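This briefing concerns aromatic pairing and helix packing in one protein model. Please examine the structure below before reading the notes that follow.

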Amino acid sequence: MRPHLAIAMLALLAGAPAAFAQQAAPSSDVPPVSENKVDTETFTKTLVSANRFEIESSKLAQDKGVAADVKDFAELMVKDHTKAGQDFKMAREKSQTTGSIAEDSPLLPNDQALLDQLKALDGEAFQDKYIAVQTQAHKQAVALFSTYAQSGDDPALKEFAKKTLPTLQMHEMHLKDVAALH
């Protein structure tokens with residue numbers, strides 16, 4: 001099963017074609033997306049789970065006997081997604097959203113299932129799955145963040161999405177290079 005089914009569903013609803021239109025280098029401008037919208041509750045729940053998944057799966061990659069470039073990418077993921085989690089927390093403090101989503105909320109079921117699959121793998125099998133999961137997850141994240149940055153209804157979270165989007169686009173471009181080598 002492909003990674004982050006919940007995000008995939010959102011990406012379809014959020015204008016998945018926008019993710020494929022993002023082939024250019026990352027920029028500070030938010031790319032155009034469809035007129036579809038992602039509601040704040042869905043955005044926040046998906047983001048918290050996906051961000052934790054990125055960190056936990058990348059920590060696994062650092063211990064699973066992967067190639068040096070994949071290990072370097074995993075270290076970058078831990079660093080950048082930890083920062084994104086901190087930035088999200090600050091945005092939530094400024095937001096108008098009243099829902100409570102804890103940073104230690106359990107992973108969404110599909111994220112947990114993928115993490116469990118990765119835990120069971122080692123070496124090249126782990127590396128191949130990790131690269132595939134990261135590639136799909138970042139396509140979906142770019143679509144989700146692009147859409148929310150354009151049409152989100154919470155100004156603080158919308159600004160967070162705009163500021164985080166270039167980093168996600170950079171990850172997506174970096175993954176293309178990593179995947180090409182493996």
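A residue counts as buried when its relative accessible area is under 20%. The model discussed here is predicted. At 0% relative accessibility, Phe43 therefore counts as buried.

**Aromatic pairs**

- Across the whole structure, a search identifies five aromatic pairs.
- In one of them, the ring centres of Phe43 and Phe145 lie 5.2 Å apart with the planes at 65°, so this pair is edge-to-face.
- Phe43 belongs to helix H3 (residues 40-63) and Phe145 to helix H6 (residues 123-151), so their pairing ties together parts that are 102 residues apart in sequence.
- Phe145 has 6% relative accessibility and therefore counts as buried.
- Phe43 also pairs with Tyr148: the ring centres are 4.2 Å apart and the planes stand at 10°, so the arrangement is stacked.
- Because Phe43 is in helix H3 and Tyr148 in helix H6, this pair ties together parts that are 105 residues apart in sequence.
- Both Phe43 and Tyr148 are buried.
- One aromatic cluster is formed by Phe43, Phe88, Phe145, Tyr148 and Phe160.

**Packing of H3 against H7**

- Helix H7 (residues 155-181) packs with H3 at an angle of about 45°, and the two axes are 11 Å apart.
- H3 and H7 are therefore oblique to each other, and their crossing is left-handed.
- H3 contributes Thr40, Phe43, Thr44 and Leu47 to the contact, while H7 contributes Leu157, Phe160 and Ala161.
- Of the residues in the contact of H3 with H7, five are nonpolar, two are polar and none is charged.

Terms used:
Residues are numbered from 1 along each chain as its sequence is written. This is a predicted model: local features need pLDDT of at least 70, side-chain atom pairs count only at pLDDT 80 or more; totals for chains, interfaces and linings use all residues. Side-chain values use heavy atoms; hydrogens and water are left out. Rings of Phe, Tyr and Trp (its six-membered ring) pair if their centres lie within 6.5 Å; planes under 30 degrees apart count as stacked, over 60 as edge-to-face and the rest as tilted. Helices (H or I, at least four residues) and strands (E, at least two) are DSSP runs, numbered from the N terminus. Buried means under 20% relative accessible area, exposed over 50%, partly exposed in between (1.4 Å probe, protein chains only). Axes are lines fitted to C-alpha atoms, for helices over the stretch in contact, and angles run from 0 to 180 degrees between N-to-C directions. Angles under 35 degrees count as roughly parallel, over 145 as roughly antiparallel, 65 to 115 as roughly perpendicular and the rest as oblique. A crossing is left-handed if the near helix is turned anticlockwise from the far one by less than a right angle, and right-handed if clockwise. Contact means heavy atoms within 4.5 Å. Ala, Val, Leu, Ile, Met, Phe, Trp, Tyr, Cys and Pro count as nonpolar, Asp, Glu, Lys and Arg as charged, and the others, Gly among them, as polar.
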